[in-house]
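Hi,

Here is the structure I promised to pass on.

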Amino acid sequence: MNLHNFELEYVSESVEIFVDKEVADIDLKDLMKTVLPEEIEKIKLTSKVVADFYTSFLDKESALDYKNMFSYRMKDASGKLRTMLYQAIPLSVLENGMPEHVLCIQTDVSHLKLRSTNSVSFVNIEGGKCYFNVDISAGKFDLSSCESEKRPTCRTFFK
């Protein structure tokens, strides 16, 4: 995804399961229409927290080391409710550290019986410090609202 113009630069054919359109005709608005109405405000707050994390908390050089992830609920083209895990990995960043091009992976995790939450996690893919379950209610990254001190570094998981 290009966050500068919100254009989907590549879309997997598997998205046709969720959106009743040909893959070539799908845009971001089509994907957003699948999100349950009660989840929209949560996604807006999550986006604010993510932007604040990359632009106010991290230095630009560290931005490519982190992926962010959260869950949300949606209704697919057949009307089935699904819980989705959204993961975004920055591929390039702007001068202020904000991701510009992002690899977004959305996975149906309904079979895991997970719920949508009011938090976002930032995972260091290089094995550094992670910030789990950051509360989104304030609409900004708050170090005191996450579980980074309660868990090991991600090196345990990735190295």
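Predicted model: local features only at pLDDT ≥ 70, side-chain atom pairs only at ≥ 80, totals over all residues.

Below is what I found, going from the whole chain down to single residues.

**The chain as a whole**

The secondary structure comes to three helices and five strands. If you follow the sequence, the order is α-α-β-β-β-β-β-α. The C-alpha atoms fill a box of roughly 40 × 35 × 30 Å along the principal axes. The radius of gyration is 16 Å, which agrees with the value near 15 Å that a compact globule of 159 residues would have.

Of the 159 residues, 37% are buried. The chain exposes about 9,300 Å², and carbon and sulfur atoms supply 52% of that area. I also looked at how far apart in sequence the contacting residues are: taking contacts between residues at least 6 apart, 53% join residues at least 24 apart. As for charge, there are 20 positive and 25 negative ones, and their mean positions are 7 Å apart.

**How the strands pair**

Start with β1 (residues 66-75) and β2 (residues 81-93), which run antiparallel and are joined by eight bridges.

β4 in turn pairs with β5 in the antiparallel sense over three bridges, with Ser119 standing opposite Asp135 in β5. β4 and β5 form a hairpin too, with six residues between the strands, and Gly127 there takes a positive phi near 95 degrees.

How many of the six residues of β4 are buried? Six of the six, so the strand (residues 119-124) is largely enclosed by the rest of the structure. In a regular strand the side chains alternate between the two faces of the sheet. In β4 both faces are covered: Ser119, Ser121 and Val123 are buried on one side, and Val120, Phe122 and Asn124 are buried on the other.

Met84 lies in β2. It counts as buried because its relative accessibility is 2%, under the 20% cut-off. Leaving aside neighbours within four places in sequence, Met84 is in contact with Phe18, Phe70, Ser71, Tyr72, Met74, Gln106, Thr107, Asp108 and Val109. One of those contacts, Met74, is 10 residues away along the chain, and the C-alpha atoms of the pair are separated by 7.3 Å.

Leu103, in β3, is partly exposed, with a relative accessible area of 39%. Which residues does Leu103 contact, leaving aside its neighbours within four places in sequence? They are Gln87, Ala88, Ile89 and Leu91. If you want a distance across the model, Leu103 and Gly128 are 25 residues apart in sequence and 20 Å apart in space, C-alpha to C-alpha.

Asn133 is the one to check for backbone geometry: its phi is near 55 degrees, a positive value in a residue other than glycine. Asn133 sits in β5 (residues 131-135), and with 31% relative accessibility it counts as partly exposed.

That's what I have so far. Have a look at β4 and its enclosed faces, and at the positive phi of Asn133, when you open the model.

Cheers

Methods:
Residues numbered from 1 in each chain as written. Heavy atoms only, no water. Helix = DSSP H or I, 4+ residues; strand = E, 2+ residues; numbered from the N terminus. Rg over C-alpha atoms; globule rule 2.2 N^0.38 Å. Buried < 20%, exposed > 50% of the residue type's maximum accessible area, 1.4 Å probe, protein only. Contact = heavy atoms within 4.5 Å. Areas by Shrake-Rupley, 256 points an atom, 1.4 Å probe, with all protein chains shown as cover. Lys, Arg positive; Asp, Glu negative; His and termini not counted. Charge placed at Lys NZ, Arg CZ, Asp CG, Glu CD. Pairing = 2+ DSSP bridges.
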